[in-house]
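Subject: Structure handover

Hi,

Here is the structure I promised to pass on. My notes follow below it.

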Amino acid sequence: MLQLNFIRQNKEVVIKGLQKRNFSDDQLRIVDNILELDDNRKNIQSESDALLAQRNALSKEIGDLMKQGRRDEAEALKAQVAAAKEKADQLGITLADTKNQLEELLYQVPNIPHASVPEGKTADDNEVFKAWPQELPVLPESALPHWELAKKYNLFDLELGVKLTGAGFPVYRGKGARLERALINLFLDRATTAGYEEIAPPLMVNADTARATGQLPDKEAQMYYVERDDLYLIPTAEVPVTNIYRDVILNESDLPVKMTGYTPCFRREAGSYGAHVRGLNRVHQFDKIEIVRLEHPDRSYQALDEMLEHVSGLLNELELPYRVLRLCGGDMGFTSALTFDFEVYSAAQQRWLEVSSVSNFETFQSNRMMLRFRDSGQNRLLHTLNGSALALARIVAALLENNQTEAGIVIPAVLRPYTGFDIIN
RNA sequence: GGAGAGGUGGCCGAGCGGUCGAAGGCGCACGCCUGGAAAGCGUGUAUACCCGGAAGGGUAUCGCGGGUUCGAAUCCCGCUCUCUCCGCCA
């Protein structure tokens, strides 16, 4: 969430940012509401602190009087303390209440978009930041979509997933399962080579963790929730991995922190069915390798560039046609300041599939997380960034479709050491 | 799941109703000393919020939440986590 001081000192910037996110004038009033409520909070706190100071001083006095045996005088002071305490208690309740209201409002304010974020309302308004420079591949009429290929070569089975779990839980098998594992290993190897520490985090997290990265309260409905133990299945490795540094104060020399993690990701994605979500296009469980960075505020955009390069490198190695979009204000995630999406071209479906989303959250997450570093004696919030490198299900879909030939599905050279085979037939 | 022990600052560790945001040590930073370093000596070293231009002052925090008390790190209750033993187990 945004810092109160930032909102106070940069009200115009905040309002402009929210306008970019298509806040109506009516919705924009939240900014003034927040500032008013915060003024309120300060007044209450000052008053409450003064009363508590009085109570503490009087209590000390009572102690001294008792020691000197001046019991009567001590007794007289007790009444004063009781009065101060009662007022302080009431103010304390009001204060807690005000803080809660304030927090609730702050949770409704999304991150301020970076200056480069284009105006726009929907995904159609996203800017093509980097187009595919070559011709897009054209497959013969007989080409099959990946779900047909999966059947033909016994690579994954969604109907079997329905039997075991429900819709959207694919069962990979045979060379399909091996391909999945090969991709995971390739991506992890590339990330660790690039200096990211490999993390194998828990797949379930508590509410504090989910809140810190912004899944709660905003995206509660998207997560699977295990009620009995009050835990959430992670929608991305970003959640546990970034939270490793929750409530941590780093030294500047510790920066940057670069981490990567492979995890299955669980997303409820309720209520979306149809041709465009067939096969692996959209599933409830998929594998993803995530890269996460904690950066000095002065260097975070350079880090973002490096992450874009990293993801581009992976797609180049896999020989998949892709493009990069700069998300517009209306399509960007709640917590992000700047997001680039990578889409690969699925030749059989003749559409672009999102396989990576790389974002700079600036201080939005670190403020919720109290993730800071010491900057010449002062504690400052860090910038957090993350990106998919990469999300597997759709990569598999594109690989299968784009590489199909008469003879079978050709495995890209870079993957062969990992799969142990060079064709699926 | 059952029984017991325990959660104090970056770490170790004292405190067991007031003078305690907290002794002492380690670590770290700065200074002195030195040709340089080590040792030694000295000083400093939690976080959030509030007031203040600053200096400084105030409030809260000794696992978390509540209670007793004029006053709680210290007493009481609930929860939670860690460790040890038993049970179960990949």
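Residues 24 or more positions apart make up 73% of the contacts in chain A with a separation of 6 or more. Keep in mind that this is a predicted model. Chain A has 425 residues, and 39% of them count as buried. Its C-alpha atoms fill a box of roughly 100 × 45 × 45 Å along the principal axes. The chain holds 13 helices and 19 strands.

Now the RNA. RNA strand B is surrounded by 17 residues, and the closest are Ala53, Ser59, Ile62, Gly63 and Val81. Two elements give two or more residues each to this surface: α3 (25-67) and α4 (71-106). Which one gives the most to the surface near RNA strand B? That is α3, with 12 residues. By class, the surface near RNA strand B has 7 nonpolar, 6 polar and 4 charged residues.

On to helix α5, which covers residues 146-153. Its buried residues are His146, Trp147, Leu149 and Ala150.

What do the buried residues of α5 pack against? Their partners are β2 (156-157), α7 (175-193), α12 (392-402), β17 and β18. Just after α5, Asn154 takes a positive phi of about 60°.

Two of those packing partners, β17 and β18, also belong to a sheet. This is an open sheet of 3 strands, in the order β17-β18-β19, with antiparallel pairing. The edge strands are β17 (404-405) and β19 (423-424), and each pairs on one side only. Strand β18 covers residues 408-410 and is joined to β17 by 2 bridges. The two strands run antiparallel. At residue level, Gln404 has Ile409 in β18 as its bridge partner. As background, strands of a sheet pair through backbone hydrogen bonds, either parallel or antiparallel.

Then go to α3 and the surface near RNA strand B.

Best wishes

Methods:
Residues numbered from 1 in each chain as written. Chains lettered and ligands numbered in written order. Predicted model: local features only at pLDDT ≥ 70, side-chain atom pairs only at ≥ 80, totals over all residues. Near = placed C-beta within 6 Å. Helix = DSSP H or I, 4+ residues; strand = E, 2+ residues; numbered from the N terminus. Nonpolar A, V, L, I, M, F, W, Y, C, P; charged D, E, K, R; others polar. Pairing = 2+ DSSP bridges. Buried ≥ 20, exposed ≤ 12 C-beta atoms within 10 Å, placed from the backbone. Contact = placed C-beta atoms within 7 Å.
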